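Subject: A structure for you to look at

Hello,

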Amino acid sequence: MHASVQWLNQYLTPANLTADEAADVLQLSLADISADESPVVRFVNGLLYDALKAQASDIHLECAARGLAVKYRLDGVLQAVARPEGRDFADRVVSRIKVLADLDISERRVPQDGRLKLSYGGRAIDVRVSIMPNLYGEDAVLRILDRYQLSAESTLSIEHLGFDAANARFIRRLGAMPYGLLLVTGPTGSGKTTTLYAVISEVNSGQEKIITIEDPVEYQLPDVLQIPVNEAKGLTFARGLRSILRHDPDKIMVGEIRDEDTAQIAIQSALTGHLVFTTVHANNVVDVIGRFLNMNVDLYNFVSALNCVLAQRLVRRICDHCRRPFPASRQLLEESGLDPDVHGGHTFYEGAGCIECNGTGYHGRMAVSELLDLSDRIRELILARRPASEIKRAAKEEGMTFLRESAVQKVLEGVTTLREINKFTFVD
C-alpha cells in the first residue's frame, strides 16, 4: 500500500479524534445495536449499519400516510429496504435523526440541515442530514461521505473511473499543464468531484502547492490543503479563492462555480499562471459556454483561460457474477438509436441478478464522457458566437467523441446495457 494511503487510513481512525470529537461520534457495531433497548434507536442504528455495509451513498426516510418508507441509493438507483408502519414510529425515527444531527426537534415546519459522525469498522464517516417537511410529517435524506472508500482505492486513477484510454491520456496531460482552466460538468451525482480528486491524486508529486475549496470537503487528500466553505461565517467560494491566491498555490480546485464573482476570480487565476480545476452544472460541453456568458464573464478571457471541458455521467456496470448474453429486440435497438440491420447480430449482455448485486444485475458504476479540446478553431468559433451546432460539428471533425457515442461503446464492449445508458444520455 502506498505510504500516503497508509497515512490517510491512520488519520481517519477514531483513535485520532480528540476527546470532544470522540464523544460526538456514533459507534456502530452489531453488539451495540443488539444491546440497545430502545426500538427507535435500534432501528436507526441498524439502518445506518446496513447502509454502510451495502456501500449506499444515501439513505432516504420518507414519511407516508401509513408510516415510513426507507430506501438506499445503491449505484445511483433508489432501492426500498424497509416499510415500518405507524405514523408515530415514523415521527420518532425522524426525531432521533434530528437529535443525532444536533437539529431542533421541536421545529417541524421548515427545512433543516445538519451532519453527524459515525464510527464503523474502525473508520470515521461523515453523514450530511437534510430534513424536509411534507404532507404527512417530515422526510430525511442522509448523504454518506465515506472518505475511507476513496482512500482505500490505492489504485484510484482516471482509468479506474472508467474513462476510455484516449480521454484518460488527454485528461492526464491537461492535469499536468502549468496553467489554465479544466472544467468538469454534469448533473449532481455524476462523479465530477471524484474525477477531479483522481486527477489531483495523479499529479500530486509533493513538489507543488495544491489548495482546494469545497462545499463540503467530501474526501481528505494527503498533502493537499483543503478548505471547507462556511457561508454562515462569510467564507464563500469567492472570498476563499481570493485568500487562496495569497498562499502561493500552483494548482487550485474550486468545488463548484455558482456565481459571477467566483467565475471571474477562477478565470483570472487561470490567466495568471495557476492551473484551476473546477466544476459547473451544465448538460454538455457546449452548454457550459452559455452558463459562463450568463455569469457576465468576459468571453475573450474565458476562452483564453479554458483548456478543456469534460462532460460526464455515471452508468452502472453489469455484475460480473451473473453476466449473461442478452438478445436485444428490434424495438429496443430502434429506441436506442441503433440500426437493427447492423447491430441485430451483436451479442449484448445483461445481469441476471444474484446475491453479489442484490438482485439488480449491476455492481458498481463507471464514467462515460465527452471531452472538448479548446483548439484554435474552436476558440475562434466561440469568440465569433457561432451556433452550438456549428461548434459541435467542428469538434466532431476534430475527433471528439460525444457522450452518447461513449455510452454506446460501453454497451458494445459488454460492460453495461442499452436500458441503462438510455436513462442518462439522449439518443442523437
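Two residues are in contact when they have heavy atoms within 4.5 Å of each other. Helices (H or I, at least four residues) and strands (E, at least two) are DSSP runs, numbered from the N terminus. Please keep in mind that this is a predicted model, in which local features need pLDDT of at least 70 and side-chain atom pairs count only at pLDDT 80 or more, while totals for chains, interfaces and linings use all residues. Residues are numbered from 1 along each chain as its sequence is written, and side-chain values use heavy atoms, with hydrogens and water left out.

First, the overall picture. The chain has 18 helices and 16 strands. Of its 428 residues, 49% count as buried, meaning under 20% relative accessible area with a 1.4 Å probe, protein chains only (exposed is over 50%, partly exposed in between). Among contacts between residues at least 6 apart in sequence, 63% join residues at least 24 apart.

Next, helix H5 (residues 87-100). Its buried residues are Phe89, Ala90, Val93, Val94, Ile97 and Lys98. Their cover includes helix H4 (39-53) and the strands S2 (58-63), S3 (68-74), S5 (112-120), S6 (123-134) and S7 (137-145). Lys98 counts as buried because its relative accessibility is 0%. Beyond its neighbours within four places in sequence, Lys98 touches Leu103, Asp104, Ile105, Glu107, Arg108, Gln112, Ile131 and Glu138. After H5 comes Asp102, with a positive phi near 60°.

Now the cores. A nonpolar core is a set of buried Ala, Val, Leu, Ile, Met, Phe, Trp, Tyr and Cys residues joined through side-chain atoms within 4.5 Å. The largest has 44 residues, and those with the most contacts inside it are Leu181, Leu183, Phe292, Phe302, Leu372, Ile378 and Ile382. Helix H10 (residues 260-271) gives the most to this core, with 5 residues. A second, separate core of 34 residues includes Leu26, Val44, Leu52 and Leu103.

Leaving aside neighbours within four places in sequence, Ile382 is in contact with Ile289, Leu299, Val303, Leu374 and Ile391.

Finally, a helix pair. Where H15 meets H16, Arg377, Ile378, Leu381 and Ile382 of H15 contact Glu390, Ile391, Ala394, Ala395 and Glu397 of H16. By class, this contact has 6 nonpolar, no polar and 3 charged residues; Ala, Val, Leu, Ile, Met, Phe, Trp, Tyr, Cys and Pro count as nonpolar, Asp, Glu, Lys and Arg as charged, and the others, Gly among them, as polar.

Best wishes
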